[in-house]
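Have the structure open while you read.

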Amino acid sequence: MSHVTTLDFSFDNIEALQAACRELNLIFQPSGKSFRMYGNTNVPCDHVIHVPGASYEIGLRRQENRLVPFFDPYSKGGLTTALGNGLHKLLVSYTVHRLKSEAKKRKANLTVSRQPNSTRITLTL
């Protein structure tokens, strides 16, 4: 598993993660058993995110009440091309959906403004 990396980030809201996947046209596979990486290796996991057009996948492993992403960042796998370095597009979309969920609970107003290279989020209580 020398090619597998993880992020200093985990997902604690599966609904927000599923919404982010839908927004980015990714396929969230609950109870996926393994994800593909370099050398067509299948690595065990609890859930899988399939990225259309990429030959590699994102594996999610449950750790306590969170899902930790594992993936192979090797450029030929297609994840970096589709989602940016460190799965950037997925993390931004997840964060927006996570904040929308929290804003709704608190009856707050959330405004999201997306530019080609940035996302501005404003939360008004």
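What percentage of the 125 residues in the protein do buried residues make up?

1. The figure is 38%, where buried means under 20% relative accessible area, exposed over 50% and partly exposed in between (1.4 Å probe, protein chains only). Keep in mind that this is a predicted model, in which local features need pLDDT of at least 70 and side-chain atom pairs count only at pLDDT 80 or more, while totals for chains, interfaces and linings use all residues. Residues are numbered from 1 along each chain as its sequence is written, and side-chain values use heavy atoms, with hydrogens and water left out.

2. On the overall layout, there are three helices and nine strands, counted as DSSP runs numbered from the N terminus (helices: H or I, at least four residues; strands: E, at least two). Along the sequence they run β-α-β-β-β-β-β-β-α-α-β-β. The C-alpha trace spans about 50 × 35 × 25 Å along its principal axes.

3. Have a look at α1 itself. Its buried residues are Ala16, Leu17, Ala19, Ala20 and Cys21, and their cover includes β2 (27–29), β5 (47–50), β6, β7 and α3. Leaving aside residues up to four places away in sequence, Leu17 touches Phe11, Phe28, Ile49, Leu60, Leu67, Leu90 and Tyr94, with contact meaning heavy atoms within 4.5 Å.

4. Both ends of α1 deserve a glance. At its start, a side-chain oxygen of Asn13 comes to within 3.1 Å of the backbone nitrogen of Glu15. After the helix comes Asn25, with a positive phi near 60 degrees.

5. Last one: Glu57, in strand β6. This residue is buried, at 6% relative accessible area. The Glu57 side chain makes a polar contact with the side chain of His50 (3.4 Å); that term means a pair of N or O atoms within 3.5 Å, where within protein one must be able to donate a hydrogen and the other to accept it, and residues adjacent in sequence count only if both atoms are side-chain atoms. Among the residues that Glu57 touches are Phe35, Val48 and Phe70.
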